[in-house]
Amino acid sequence: MSDREYAVVGTRPVRHDGADKVTGRALYGADFDAAGLLHGYILRSPHAHARILRIDTSQAMALAGVKAVVTAADFPQGSDRMVDLGEGDVPLSYVRGNLLASGKALYRGHAVAAVAAVSRHIAEEAAGLIEVEYEPLPCVLTAPDAMQEGAPLLHEDLKAGNAADHHQFAMGDIDAGFAAADVVLEREFRTATVHQGYIEPHAATALWNNDGRVLVWCSTQGSFVVRDVTACVLDLPVSRVKVTPLEIGGGFGGKIPVYLEPVAALLSRKTGRPVKIVMSRKDVFEGSGPTPGSYIRVKIGARNDGRITAAQAYLAYEAGAYPGSMVVPGAMCIFAAYDIANVAIDAYDVVVNKPSTAAYRAPGATNAAFAAETVVDEIAEKLSIDPVEFRLLNAAHEGTRRADGPKYRRIGCVEVLETIKRHPHYNAPLEGPNRGRGVAVGFWFNIGFASSCNISVNADGTVNLVEGSTDIGGTRTSIAMQAAEVLGIAAADVNPSVVDTDSIGYTAVTGGSRTTFATGWAAYEAAQDVMRQLKERAAKLWGVDAASVTAEAGVFRSGDKVLTFGELAARLGETGGPVVGRGAVNPKGVGGSFSGSIADVEVDPETGKVSILRFTSVQDVGKAIHPSYVEGQMQGGSVQGIGWALNEEYYMSPDGTMLNSSFLDYRMPTALDLPMIDTAIVEVPNPGHPFGVRGVGEANIVPPPAAIANAIYRAAGVRMRRLPMNPPAVMEAIWSQRD
Amino acid sequence: MHDNIRIRTTINGEPREFLCEPRQSLLECLRDILGLTGTKEGCNDGNCGACTVIMDDRIVASCLVLGAEADGATITTIEGIARGSQLHPIQRAFLESAALQCGICTPGFIVAAKALLDQEPHPSEERIRLYLANNLCRCTGYDKIVRAVQQAAAMEEAPQ
């Protein structure tokens, strides 16, 4: 299917929202303004774990310019139930508890109260006047510590203690598998909590309108999630909440959870005015959802001929304050690139006194691949087999069963590895001291979920397309291009808009690598619907049977009669009125994606600093709708992976304070830290999508830390088993090897 | 509470006069008083570059400049980069090179790139990377941004 020639799919048009975004006209979350706007500020717990004994807001309320103060007591106190948070169901009490702490603060940065005032400065001053009496409690910060007997408990009602959940996946006979191996290695890994690092802090404005409707304008990955969570927390029917998504300045999973909207709505109800809350960067680090730190053990056995006979993993991920760490996807991905008969996986979801974690690009999989792919590399070395060759000997393919159950349909794991093997980068000599090259591969899913799209035909031969997926990285265009392909018109002749929750059918989050896949599919269906109707209109004009009308490349034909898309669009009035196409899907034909990284590094033996000399990202994308933005996903994911590998971490004091909660000290890669990032797009079409699309956005972050660890080994002779691999960690490894 | 201060500036070629509180940053003045929301706040401590503007021929993080310090200054923000209805070559290059994804850092990068190319029409890749190291982008990995600046430099050279 990818061999098919398309007119629009696979080309590189300028994105539809481009002009607004290069001129500063695009309105993001914090840019929204409304008459009578008040500014909100959230007071956060200075303790990682503390009982809240008393909150006195009287002094804050007395400050000139302050209009309202709210605490958890202002939420409707209904009974607990499950709510959909965008990527799964969670108890309402956890959602509400994370919005404003009730009873206990569970992490430093946990929201405790909120103020609305006439300016941000006054609101902040007022928050400082709120008196909160805390009883500090001992805190626990890592999964292994939280699982110890006698560890401080975060939630007294969790039966299993802090280890909130335990999942197991097993296949074959793990003992027999290890018994059949010639080499068995078991290694232990730790990875630090990291943040998605989107540049736009969370921002939301809410107005509790005089007609009883709650209107929200915000930056989110899922406007319907914001609607549903806000309604649920405020005990309103969903129809009473309308969410208008503004432009979103990055998310990577971190803007799926809801932090501000229901709080702003409570403040608006008290004041009768719109209230805007914008997080500071410190709030984002301390009070939003980073992705879990983890402890992982991996044991792999292989025969001398290079076949892996058994693989076992133990994963314990830090969920943060509430259960739900994405350890399960990590467990599903950890050996997903390999065809292994005997597998046993234990996964623990562990609550700790850190912010409640959120998804981060292939959530859970990067931690897991760091562990699995460095053990795979070490085994290949022990067996004296080239690391790519070793992976090819064991690569997952169509029909391979993954330990969590599913059998793969057509996948591109082998093709990704073959591409690495042939790539000029992999075959180029790497000369000079202290330099090394590493490779790794990784897997991430692609979810379906609901998406809606409407297309209306304009008399000038263009169409307006409305959809509900907030556009983080150019998806307006990748969705519009799929419609254009069906309609036989240019991408520029489709005007895509992301609209509010009143104006389009339910659409799930921009996440799970689903937007170009699923909302693109909804656009495909809507465009098909338009074409069916247009054929009927042409048939009516020509007095022929609609079944005799064909359409190709924007030209309708029946016998010798011909009309272009534009000519027919101009005659809708005389043939029955407007044409509106509709697409609403909940697709199942998801196609996961494999990604590989090739990394060349240089390790400074005096300082431990690792420099990236050359980096190539390889990924099976099914079909690249807009190759430039596909490359952009691969490059961006790779660089986030590089930051995770080398620098980024929540550096915590023993009392649970993040000591580096600014971009100065939470050091994300800059332009100066990096070379160009090469990309190799592999296209193994997904049989489950009309254009063969696979999820593209996430898999690319999975292999970089492992590839870099493997490169460091070849450069400096040390196996790194802890993230980040920053200069002190690399020096420690080099020194301990010298001892 | 102190009295508001009267500030006279030239912004994007137009004289602009406004009142601000002594504690308000230039970024707040641009966004909240003058409605120039193209300049973004990413960190409010000078570490992300999303609020970059050109002030008297130098790039500054407008979150680290007080509004009061802008009195008498000439300032260019993202809203002043396009040449009337024509995009500036840097803006065109960003679009053609797909050098933005979410776009929140884009105004800061374009303003910084303009300052660079105004001073050095033919910067090397290394020089571009150094100059833009004040600006964080979390989406692109910088590859296409660096290429866009290279392309813009080439476009400026070509006859318009």
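**Conventions.** I count residues from 1 along each chain as its sequence is written, and chains are lettered from A in the order in which they are written. Because the model is predicted, local features need pLDDT of at least 70 and side-chain atom pairs count only at pLDDT 80 or more, while totals for chains, interfaces and linings use all residues.

**Entry 1, domains of chain A.** I looked up the division of chain A; the bounds come from an automatic or database domain assignment. Domain 1 covers 18-25 + 448-585, domain 2 covers 32-137 + 200-249 + 255-287, and domain 3 covers 294-446 + 590-738. I then took domain 1 and domain 3 of chain A, whose C-alpha centres lie 38 Å apart. Their contact takes 16 residues from domain 1 and 19 residues from domain 3; two residues are in contact if their C-beta atoms, placed from the backbone, lie within 7 Å. On the domain 1 side, the elements giving two or more residues are α15 (475-487) and α16 (515-542) of chain A. Helices (H or I, at least four residues) and strands (E, at least two) are DSSP runs, numbered from the N terminus. α16(A) gives the most to that side, with five residues. By class, the domain 1 side has four nonpolar, eleven polar and one charged residue. Here Ala, Val, Leu, Ile, Met, Phe, Trp, Tyr, Cys and Pro count as nonpolar, Asp, Glu, Lys and Arg as charged, and the others, Gly among them, as polar.

**Entry 2, chain A against chain B.** The contact between the chains takes 44 residues from chain A and 42 residues from chain B. On the chain A side, α1 (18-23) and α18 (627-646) each supply at least two residues. α18(A) gives the most, with eight residues. I find 20 nonpolar, 18 polar and six charged residues on this side of chain A.

Chain B has five helices and five strands, in the sequence pattern β-β-α-β-β-β-α-α-α-α. Its radius of gyration is 16 Å, close to the 15 Å that the globule rule gives for 160 residues, so chain B is as compact as a globular protein of that length. The radius is taken over C-alpha atoms, and the rule is 2.2 Å times the number of residues to the power 0.38. The C-alpha atoms fill a box of roughly 50 × 30 × 25 Å along the principal axes. Buried residues make up 58% of the 160 residues. A residue is buried if 20 or more other C-beta atoms lie within 10 Å of its own, exposed if 12 or fewer, and partly exposed in between, with C-beta atoms placed from the backbone.

β9(A) pairs with β17 (343-351) of chain A in the antiparallel sense over eight bridges; strands pair if DSSP finds at least two bridges between them. H167(A) has A347(A) as its bridge partner in β17(A).

Elsewhere, β20 (463-467) and β21 of chain A run parallel, joined by five bridges. V466(A) stands opposite S497(A) in β21(A). The side chains in a regular strand alternate between the two faces of the sheet. In β21 (494-498), V494(A), P496(A) and V498(A) form the covered face, and N495(A) and S497(A) the uncovered one.

The largest nonpolar core has 304 residues, and V115(A), V263(A), A483(A), I708(A) and I712(A) have the most contacts inside it. Such a core is a set of buried Ala, Val, Leu, Ile, Met, Phe, Trp, Tyr and Cys residues joined through C-beta atoms within 7 Å. I712(A) touches, among others, G436(A), V601(A) and M725(A), not counting residues up to four places away in sequence.

A cis peptide bond joins L723(A) and P724(A), with omega about 0°. P724(A) lies in the loop between β29 and α20 (727-738) of chain A.

I also noted two non-glycine residues with positive phi: A553(A), at about 50°, and N44(B), at about 60°. A553(A) sits in the loop between β22 (550-552) and β23 (555-558) of chain A, and counts as exposed with 9 C-beta neighbours inside 10 Å. N44(B) is in the loop between α1 (26-33) and β3 (52-55) of chain B; N44(B) is buried, with 21 other C-beta atoms within 10 Å.
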